[in-house]
Amino acid sequence: MRGSTRQRGLWLGAVITATLVLLAGCTSGVDSFDVVTSRGRSVSDLFLWTIIIAAIIFVGIAIAVAYILIRYHDRPGAPAPRPNRHVHRFQIAWISAMVVLFAIFAGFMFHSMNIIGAPAAPSALRVTVIGHQWWWEYQYPDLHVTTANELHVPAGRPLQLTFQTSDVIHSFWVPQFGWKMDALPQRSNEMAFTIDKPGYYQGTCTEFCGAQHAWMRLRVYADTPDQFDAWVKQHQQPAAPPQSELARSGEQVFLANTCISCHTVAGTSANANIGPNLTHFASRETIGTGIVTNNPTNLTQWIRDAGSIKPHVLMPGFPTLSDDQLKALVAWLEGLK
Ligand code: CUA
């Protein structure tokens with residue numbers, strides 16, 4: 001008997017240690033309590049207060065249960081529990097208190113829903129977010145800019161995000177924005193908020209959408225107004241002309257292969273929109289929606305066999321390209337700043 005109690009104690013210790021180790025990983029810049037939009041704070045405040053009040057009730061019940069267990073547990077000379085004549089009154093009071101508490105929380109919940117569901121300010125920057133298996137497309141209809149996987153927005157200015165999908169349901173969740181939104185087939189959803197402080201915010205797709213759901217990451221850059229204006233000016237330009245003979249031949253490799261069946265590079269004859277727009281590909285920090293850093297080595301491997309980096313990716317491999325063709329193609333793509 002003593003041995004098994006000790007064993008249970010060891011197990012409990014192991015579980016607590018493992019939980020603490022896992023929780024230690026929660027400070028990775030995706031903290032749902034460090035919300036950077038005022039609308040989102042109405043959600044995180046509601047969550048925090050719900051947790052605090054639930055914790056108080058939990059502790060109260062735990063103390064009551066512990067008291068009853070200790071006082072009435074079966075032993076020689078223990079007092080026998082006596083029937084309580086007021087038990088019905090107590091039950092009614094307890095249930096009434098719960099109903100009132102639920103009503104109060106429902107009120108706060110509707111209040112938060114009103115705040116986050118309010119329409120965007122007329123001056124808001126509009127961005128259409130389109131979910132694809134397994135990447136994000138961003139269109140700025142008023143700025144005539146289209147990009148992929150790395151969303152740039154100005155901090156301090158109202159934003160209006162409209163969500164659509166080209167295939168299955170996806171869900172846009174950047175924890176520090178405060179709430180999330182589904183991208184559904186056949187309809188548009190909206191999210192309106194202002195990001196208070198410039199920074200880099202990470203998130204991920206949170207609706208299971210197939211093999212690479214886990215690698216459908218979100219990278220949001222809330223730029224200062226000057227940085228954002230410069231980014232827009234750069235992205236309104238067509239692709240940079242090739243700067244070397246190698247890059248020039250790389251462009252020809254691109255245009256002569258099936259790359260143009262899926263991708264757009266503004267300023268060339270490639271204008272398909274099945275895969276990400278590559279006009280300013282080299283300005284992005286990652287390849288494959290965040291799976292690897294955007295550098296020539298990774299890009300070479302990505303073009304040769306994207307599935308070796310991201311299994312089931314819809315981009316086919318190009319094993320027939322020679323090393324020279326691949327080198328030229330990579331040189332051109334990495335020049336598309
Ligand atoms: Cu897209 Cu999960």
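## Salt bridges along the chain

The side chains of Arg-126 and Asp-142 form a salt bridge, with N and O 2.9 Å apart. This pair joins distant parts of the chain, 16 residues apart. Arg-126 sits in strand β1 (residues 125–132), while Asp-142 sits in the loop between β2 and β3. Arg-126 counts as partly exposed, at 39% relative accessibility. Asp-142 is also partly exposed, with a relative accessible area of 43%. The model is predicted. A search of the whole structure finds six salt bridges.

Glu-245 pairs with Arg-248 in another salt bridge, the closest N and O atoms being 3.7 Å apart. Both residues lie in helix α5 (residues 245–256). They are three residues apart, about one turn of the helix. Glu-245 counts as exposed, at 60% relative accessibility. Arg-248 is partly exposed, at 39%.

Asp-323 and Arg-304 also meet through their side chains, in a salt bridge of 3.4 Å, N to O. Asp-323 is in helix α7 (residues 323–333) and Arg-304 is in helix α6, so the bridge ties together parts that are 19 residues apart in sequence. Asp-323 is exposed, at 55% relative accessibility. Arg-304 is partly exposed, at 34%. Elsewhere, salt bridges with shared partners join Glu-150, Arg-219 and Glu-285 into one network.

The domain assignment gives domain 1 (125–235) and domain 2 (245–333). Their C-alpha centres lie 23 Å apart. Domain 1 brings 19 residues to the contact, and domain 2 brings 18 residues. Together the domains bury about 1,600 Å² between them. Carbon and sulfur atoms account for 55% of that area.

The interface of domain 1 and domain 2 holds one salt bridge. Arg-219 forms a salt bridge with Glu-285, with the closest N and O atoms 3.4 Å apart. On the side of domain 1 that touches domain 2, at least two residues each come from β2 (135–140), β3 (145–148), β10 (217–223) and α4 (225–236). The residues of that side divide into eight nonpolar, eight polar and three charged.

Gln-212 is placed in the loop between β9 (199–205) and β10. Gln-212 is buried, with a relative accessible area of 8%. Leaving aside residues up to four places away in sequence, Gln-212 touches Trp-134, Lys-310 and Pro-311.

Gln-301 is in helix α6 (residues 296–309). Gln-301 is partly exposed, at 33% relative accessible area. Beyond residues up to four places away in sequence, Gln-301 touches Ala-306, Ser-308 and Ile-309. Gln-301 and Phe-318 are 17 residues apart in sequence. In space, C-alpha to C-alpha, they are 9.8 Å apart.

## Val-36

Val-36 lies in the loop between α1 (2–24) and α2 (38–72). Val-36 has a relative accessible area of 2%, so it counts as buried. Its contacts, not counting residues up to four places away in sequence, are Arg-41, Gln-176, Phe-177, Thr-194, Ile-195, Asp-196, Lys-197 and Tyr-201. Thr-206 is 170 residues from Val-36 in sequence. The two are 20 Å apart in space, C-alpha to C-alpha.

Methods. Residues numbered from 1 in each chain as written. Predicted model: local features only at pLDDT ≥ 70, side-chain atom pairs only at ≥ 80, totals over all residues. Heavy atoms only, no water. Helix = DSSP H or I, 4+ residues; strand = E, 2+ residues; numbered from the N terminus. Buried < 20%, exposed > 50% of the residue type's maximum accessible area, 1.4 Å probe, protein only. Contact = heavy atoms within 4.5 Å. Domains from an automatic or database assignment. Buried area = accessible area lost by both parts, 1.4 Å probe. Salt bridge = Lys/Arg side-chain N within 4 Å of Asp/Glu carboxyl O. Nonpolar A, V, L, I, M, F, W, Y, C, P; charged D, E, K, R; others polar.
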